[in-house]
There are 2 protein chains.
Amino acid sequence: MSEPRPSGSPRPAFLFDLDGTLVDSVYQHVMAWREALVACGIELSVWRVHRRIGMSGGLFLNALQREIGRSLSQQTLTELTERHMQGYLRRAGGVVTLPGARQLLAALAANGTRYAIATSGTRQVAWPALEMLAVGEAVPVVTRDMVERAKPDPDLFLAAAQRLGVEPSAAFVVGDSVWDLLAAQRAGALGIGLLSGGYGPEELQAAGAYRVYQDPADLLEHLEEVGVRQAS
Amino acid sequence: MSEPRPSGSPRPAFLFDLDGTLVDSVYQHVMAWREALVACGIELSVWRVHRRIGMSGGLFLNALQREIGRSLSQQTLTELTERHMQGYLRRAGGVVTLPGARQLLAALAANGTRYAIATSGTRQVAWPALEMLAVGEAVPVVTRDMVERAKPDPDLFLAAAQRLGVEPSAAFVVGDSVWDLLAAQRAGALGIGLLSGGYGPEELQAAGAYRVYQDPADLLEHLEEVGVRQAS
């Protein structure tokens, strides 16, 4: 009679960021913010906007006020947020899913690997992307309006793990920005970086990425590297 | 009677890239290329377009054909180039000079430090940017149409050094993309990287940057680090 096998590590679950990770929307967000800033008379170089994408809108606006060296009125802050949303939705027709995104989600589902989506965007902004990805009802989606604090705070990923019923330490966070990877560390999860949001690999590694891939298609090709045994 | 002082190193000259280095135009170029590609039925993720900005248009199109895995007809290649130019010029009204760009050029001029501008763009595309920078007649400007090969070939910077009458080895190339820094190495010049085109510092260093600054304003604040003694 053989002894029972030791129970081993739990099967990994995946917590996905949305913009720049599953859909190719980062640059549309960048240009929408840039347009909103110009409309409010605020000059900020476009690359500095790019580096803030994916972080909480509130933190973005705080950092902005420090960078431009003056406080903005509540009215201006509200106007910026509103103009960004309208500018993004106007550009959303040009947003497509990233290569391999749908296939990756389908492969995980076929394999019984659980996943959720956690985004710093609001439900309204995330909606067209979720539609394009054909994300089913069974997949937990945590948006900005459902938690107190967005990335780099860990709340979004913690809520997503909870909705899946997994410990964060048994989950991989997949994201394109340093904010995702910093939030992953704070949530106690391993981070996987994707280059599809425009960051370089060294920056993602420096923010804690356990592995870096080009985009969802590249991650799908290397799923074994993160311990997913695919159904053959 | 004192001996003559040894003649020492020549005073440095500067060879500036234009887009992303002196003017904040990289993201407008990215979106114009993206729009041109979509119009021609070609899907390429936006971050991949971003990473090609600043390289020769011909090399960009060669790399594109390899990435999408098929050849494009001469008619399509011409259409892409034309649509990119029109799309960029349509967005050029939103392009501004980068912080410190005019002040940096003025400080160099006041100091008797010679500089030239060398861009992978055509004269037509470069023109609005040169106007905004108030670049005088005395400053050599080398555009794509004046040399056989653009970056990462060294021709643009070699021609710019020649127009200044300096050896490339006595010049700094200032650029925001890895293509500038690779071209600098091939020209035998030291490269200075700026983050204002959206690359991370590690990538610019890996491509050979001798120093990396945030933008022209940051370079201006640290001119002594590259051996420029400012008039006091």
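A crossing of two helices is called left-handed if the near helix is turned anticlockwise from the far one by less than a right angle, and right-handed if it is turned clockwise. In the predicted model described here, α1(A) passes α1(B) in a left-handed crossing. The axes of α1(A) and α1(B) are 11 Å apart, and the two helices pack at an angle of about 130°. Angles from 65 to 115 degrees count as roughly perpendicular and those over 145 as roughly antiparallel; α1(A) and α1(B) are therefore oblique to each other. Chain A contributes A:Y27, A:V30 and A:M31 to this contact, and chain B contributes B:Y27, B:V30 and B:M31. By class, the contact of α1(A) with α1(B) comprises six nonpolar residues, with no polar and no charged ones.

The contact between the chains as a whole involves 19 residues of chain B and 19 residues of chain A. On the side of chain B that touches chain A, the elements giving two or more residues are α1 (26-39), α2 (46-50) and α9 (201-206) of chain B. Sorted by class, that side of chain B has nine nonpolar, six polar and four charged residues.

Two copies of a chain are related by a rotation about an axis and a shift along it. The same surface serves both copies, as 100% of the contact residues of chain B recur in chain A.

Within chain A, helix α1 (residues 26-39) also packs against helix α4 (residues 74-91), where the axes come within 8 Å and cross at roughly 135°. At this angle α1(A) and α4(A) are therefore oblique to each other. The crossing in which α1(A) passes α4(A) is right-handed. Residues of α1(A) in the contact include A:Q28, A:H29, A:W33 and A:E35, while α4(A) supplies A:L80, A:R83, A:H84, A:G87, A:Y88 and A:R91. The contact of α1(A) with α4(A) has eight nonpolar, four polar and three charged residues. A:M31 is among the residues of α1(A) that touch α4(A), and A:M31 also takes part in the contact with α1(B).

Chain A further contains an open sheet of six strands in the order β3-β2-β1-β4-β5-β6, with parallel pairing. Strands of a sheet pair through backbone hydrogen bonds, either parallel or antiparallel. The edges are formed by β3 (141-142) and β6 (209-213) of chain A, each of which pairs on one side only. Strand β2 (residues 115-118) of chain A is joined to β3(A) in the parallel sense over two bridges. A:V141 in β3(A) is the bridge partner of A:I117. Helix α8 (residues 178-187) of chain A lies across β4 (171-175), β5 (190-194) and β6 of chain A, and runs at about 170° to β5(A).

Some backbone features were also found in loops. The peptide bond joining A:K151 and A:P152 is cis, with omega about 10°, and A:P152 is placed in the loop between β3 and α7 (155-164) of chain A. In chain B, a cis peptide bond runs from B:K151 to B:P152, with omega near 10°; B:P152 lies in the loop between β3 (141-142) and α7 (155-164) of chain B. A:A134, a residue other than glycine, has a positive phi near 55°. A:A134 is located in the loop between α6 (123-133) and β3 of chain A.

How values were computed. Residues are numbered from 1 along each chain as its sequence is written. Chains are lettered from A and ligands numbered from 1 in the order in which they are written. This is a predicted model: local features need pLDDT of at least 70, side-chain atom pairs count only at pLDDT 80 or more; totals for chains, interfaces and linings use all residues. Two residues are in contact if their C-beta atoms, placed from the backbone, lie within 7 Å. Helices (H or I, at least four residues) and strands (E, at least two) are DSSP runs, numbered from the N terminus. Ala, Val, Leu, Ile, Met, Phe, Trp, Tyr, Cys and Pro count as nonpolar, Asp, Glu, Lys and Arg as charged, and the others, Gly among them, as polar. Two strands pair if DSSP finds at least two bridges between them. Axes are lines fitted to C-alpha atoms, for helices over the stretch in contact, and angles run from 0 to 180 degrees between N-to-C directions. Angles under 35 degrees count as roughly parallel, over 145 as roughly antiparallel, 65 to 115 as roughly perpendicular and the rest as oblique.
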